[in-house]
Amino acid sequence: AAELQQQMTEGIVSNESDLQLDKTKTIAHLQNDIDEARLDETQLSSLDRESSRIWYVNLMIRANDLLSNIPKMLYNSTLGLFAGFSPLSWSPLVLNIADILKLLLQVHAYEIFNDGVFNGDPHPGNVMLMSDGRLGLIDYGQVKRLNLKTRLTYARLIIALSAQDKQEVIRIWQQEMQQKSQNMDEDVQYKLACFWHDRNTRDIIGKYNMHTFLEAMEQKDPIVDVNEDFVMAARVSVLMRGFGNMLGLSLRVAPIWREQAEKLLSEHDPDYIKKQLRNSS
């Protein structure tokens, strides 16, 4: 089990050239980004807020372009009709990385919960920005299939993580996911569930980086058995957060995946949704 976790960790940071956002973003930079992303809950990025900020920046760019082009527009509507038009100048807009990242998260949530078939290797090298603004997802060489029972269990975990319901996370981790460790330390199990499937905030990872955190957890409560059905979904969660870190955004995955998780449970286990609503009220 420990070897499986180590292989999973190494897989996240394998193929250094594929993980480069540009020629200067090496694994060392990525590790530093992960270290710096150990933030308090209040410091996490809001993709919607970041998207609005970028939209406002682009609005200002276009407003400035419009002001700069007014003399040309006046010329083109008068003398330019006879002497020839003067071309207008438009500045390139800022790429809305928040919208792109949110779409990627939503696409993978749909694949996991709705389709039960998803790409377990969605690193930046496998995402293409098309000329028409669409995203191209390539290299589905590590596809994972999840049956309905497994998807329902994972949906319950995502909802519990989103709500930061520690006892429910631990219950699902132990009883439904059958994750076993030597001491069955609930604090360690909760932190591992959060780390692999939701966030790497300071309350979870503390003073450690990714590798030393996992080493510390292993020393405190060695893993006995890992349910391999959930390994690739965890890998997607970590890679999505790594993608965000490289773009300067720190985020949680569970709240964004919750919508698809709730849709699945509403269809196949509505009583669980009702129970969670009662517990949260």
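**Figure 1. The surface and overall make-up of the protein chain.** What you're looking at is a predicted model, where local features need pLDDT of at least 70, side-chain atom pairs count only at pLDDT 80 or more, and totals for chains, interfaces and linings use all residues. Residues are numbered from 1 along each chain as its sequence is written, and side-chain values use heavy atoms, with hydrogens and water left out. The protein chain has 13 helices and 6 strands; these are DSSP runs numbered from the N terminus, with helices being H or I over at least four residues and strands being E over at least two. Of its 281 residues, 45% count as buried (buried means under 20% relative accessible area, exposed over 50%, and partly exposed in between, with a 1.4 Å probe and protein chains only). Take the contacts between residues at least 6 apart in sequence: 73% of them join residues at least 24 apart. Contact here means heavy atoms within 4.5 Å.

**Figure 2. Where helix α12 packs on helix α13.** Two packed helices are described by the angle between their axes and the distance between the axes. Here, α12 (residues 254-268) and α13 (residues 270-280) pack at an angle of about 120°, with their axes 5 Å apart. That makes α12 oblique to α13. Axes are lines fitted to C-alpha atoms, for helices over the stretch in contact, and angles run from 0 to 180 degrees between N-to-C directions. Angles under 35 degrees count as roughly parallel, over 145 as roughly antiparallel, 65 to 115 as roughly perpendicular, and the rest as oblique. On the α12 side you'll find E262, L265, S266 and H268, which meet P270, Y272 and I273 of α13. The residues of this α12 and α13 contact split into 4 nonpolar, 2 polar and 1 charged (Ala, Val, Leu, Ile, Met, Phe, Trp, Tyr, Cys and Pro count as nonpolar, Asp, Glu, Lys and Arg as charged, and the others, Gly among them, as polar).

**Figure 3. A closer look at I273 in helix α13.** I273 has its place in helix α13. With a relative accessible area of 15%, I273 is buried. Leaving aside neighbours within four places in sequence, I273 is in contact with I159, E262, L265 and S266.

Figure 4. Searching the whole structure turns up 5 aromatic pairs. In the pair of Y154 and W257, the ring centres are 6.4 Å apart and the planes sit at 65°, so this one is edge-to-face. Y154 lies in helix α6 (residues 148-162) and W257 in helix α12, so the pair ties together parts that are 103 residues apart in sequence. Y154 and W257 are both buried. Another pair, F195 and F213, has centres 5.1 Å apart and planes at 45°, so it's tilted. F195 belongs to helix α8 (residues 186-197) and F213 to helix α10 (residues 210-220), so this pair ties together parts that are 18 residues apart in sequence. F195 and F213 are buried too. Ring pairs also link F113, Y154, F230 and W257 into a cluster. Rings of Phe, Tyr and Trp (its six-membered ring) pair if their centres lie within 6.5 Å; planes under 30 degrees apart count as stacked, over 60 as edge-to-face, and the rest as tilted.

**Figure 5. Helices α7 and α8 crossing.** The axes of α7 (residues 166-176) and α8 come within 9 Å and cross at roughly 90°. The two helices are therefore roughly perpendicular to each other. From α7, the contact includes K166, V169 and W173, while α8 brings residues including E186, Y190 and H197. In all, the residues of the α7 and α8 contact divide into 6 nonpolar, 4 polar and 3 charged.

**Figure 6. Two loop residues with positive phi.** Q178 isn't a glycine, yet has a positive phi of about 55°. Look for Q178 in the loop between α7 and β5 (180-181). Q178 is partly exposed, with a relative accessible area of 36%. M184, also a residue other than glycine, has a positive phi near 50°. The place of M184 is in the loop between β5 and α8, and at 32% relative accessibility M184 counts as partly exposed.
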